[in-house]
Amino acid sequence: MKMVSAVMLGAWLGAAALGTVRAAAAVPLEEPKEQRDARMAWWREAKFGLFIHWGVYAVPAGTYDGKPIGGIGEWIMNRGKIPVARYAEYAKEFNPVKFNAGAWVRIAKDAGMKYMVITSKHHDGFAMFHSKASPYNIYAATPFKRDPLAELAAACRKEGIKLGFYYSQAQDWHHPGGAAMGGHWDKTAQDGSMDKYIDEVAVPQVKEILANYGEFPAVLWWDTPIGMNTERATKLYKVAQELKPNIIMNNRLGGGFKGDTETPEQHIPATGYPGRDWETCMTMNGTWGFKSYDHNWKSTGILIRNLADIASKGGNYLLNVGPTAEGLIPEPSIERLKEVGVWMKVNGEAIYGTSASVFPYLAWGRCTSRPGKLYLHIFDWPAEGQLDVPAKLAVKQAYLLAAADQPLVATVDGLHTKIKLPAGAPDKVDSVLCVEINGAPELDPSVAAPAAPKKTVAKQDGKKEKKK
Ligand code: GLC
């Protein structure tokens, strides 16, 4: 537990009394642990969420002027150096009449997900909501004339799913003054004052997404803080604190704001982020935004093992879909989410609200935990008919979540506990064995994680550098 000094606490309480909690300082004060725990509680319980990258980029879907554009789909404007006016033409074609908010929310819910985060505005500057701050939005600039965020908010409310909004606060390739990775390529349209952009586009739009959707958003997901400084970031931070003081924000605002969550992208950090909340965001194929020709799908097995691996390291999994310009989640994503949902129905107890593993290493799989319970995720079902757990455990009961009424025999052998298993794995990907225990496990200290292979990475100047 982080100690909050009396002075800091005093400052906090003073700020709270004035109604300026966490907005008082440029870089926020330490928040009392109890308050933070209360604010993060639903998110820590949820563990599994749906990321949705949806925007005008779904119209070109990876192809510009007849040529495939490399890289992730939502970056097509930047990667293809598409002029602002030319890209805006796609908006006129964007008419996702097959969009059905209820269907999307049910897909997430049936997968066992508890929250979703959708791009309210990505780097292309196009708002996926009815914005008064800029006419470049789905309500005003497309034939669709609907507000998908409002429809999703209603559907999430109905189904008990939390809704969060992604907002690209710094990169905006449409509005003058917005930042662009690699610099502006359509200078007449893009050059301008970033402060003016922040004041006239980003701040007003963030106000809109925070104020117009009832209790949502529950999460504000910033991204790529190119050109952000403390002054710019503080303006956005203040708006969020004023309008949604309990919101959860990620660590990508910039300007020195740490945010609530670390956001490793497309990978699972080996030991998580001890002491910090974190969420791995990941694509199911190779792109966030829809690309018609990306068929590089991860198997359901990989997705389930990723979820267990992430939970075993104390994190959340935010798994992405990139809907089409018609408003449909691609079929391969739906199939996989359905299959993950089947696994979650049986094994969800080993994911929701769990804490990280108590073991540094398990040769056959992963572990998640909660007070009095260990969930042993068996990836490789032992041929010898028993599971070797490298700890002395005072076992009350052991059973597979897939066969909870069939108790398994556990015997202690020194600093190991052997659990007798049925012949076949109930699940080829991850069979979860729940062990109810008294007291704390006494670990076998000789079972440690194997040393990570030494990787070499190329430094910018071409010299090789050893990675620790
Ligand atoms: C990156 C990309 C972006 C994507 C995001 C998801 O920062 O710029 O396109 O939205 O990652 O984490």
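Me: What makes strand 4 and strand 5 count as paired, and in which sense do they run?

Reply: Keep in mind that this is a predicted model. Two strands pair if there are at least two bridges between them. Strand 4 and strand 5 (residues 162–167) have six bridges, in the parallel sense, so they meet the cut-off of at least two. Within that pair, Ile118 stands opposite Phe165 in strand 5.

Me: Why is strand 4 called largely enclosed?

Reply: A residue is buried if 20 or more other C-beta atoms lie within 10 Å of its own. In strand 4 (residues 115–121), seven of the seven residues are buried, so the rest of the structure largely encloses that strand.

Me: Why do strand 7 and strand 8 stand at the edges?

Reply: Look at the order of the open, eight-stranded sheet: 7-6-5-4-1-10-9-8, with parallel pairing. Strand 7 (248–249) and strand 8 (261–262) each have a single partner strand, so one side of each has no neighbour in the sheet.

Me: And how do the residues around the ligand divide into nonpolar, polar and charged?

Reply: Four are nonpolar, two polar and three charged. The residues there include Glu74, Asp223 and Glu265; Asp and Glu count as charged.

How values were computed: Residues are numbered from 1 along each chain as its sequence is written. This is a predicted model: local features need pLDDT of at least 70, side-chain atom pairs count only at pLDDT 80 or more; totals for chains, interfaces and linings use all residues. A residue is near a molecule or strand if its C-beta atom, placed from the backbone, lies within 6 Å of it. Helices (H or I, at least four residues) and strands (E, at least two) are DSSP runs, numbered from the N terminus. A residue is buried if 20 or more other C-beta atoms lie within 10 Å of its own, exposed if 12 or fewer, and partly exposed in between; C-beta atoms are placed from the backbone.
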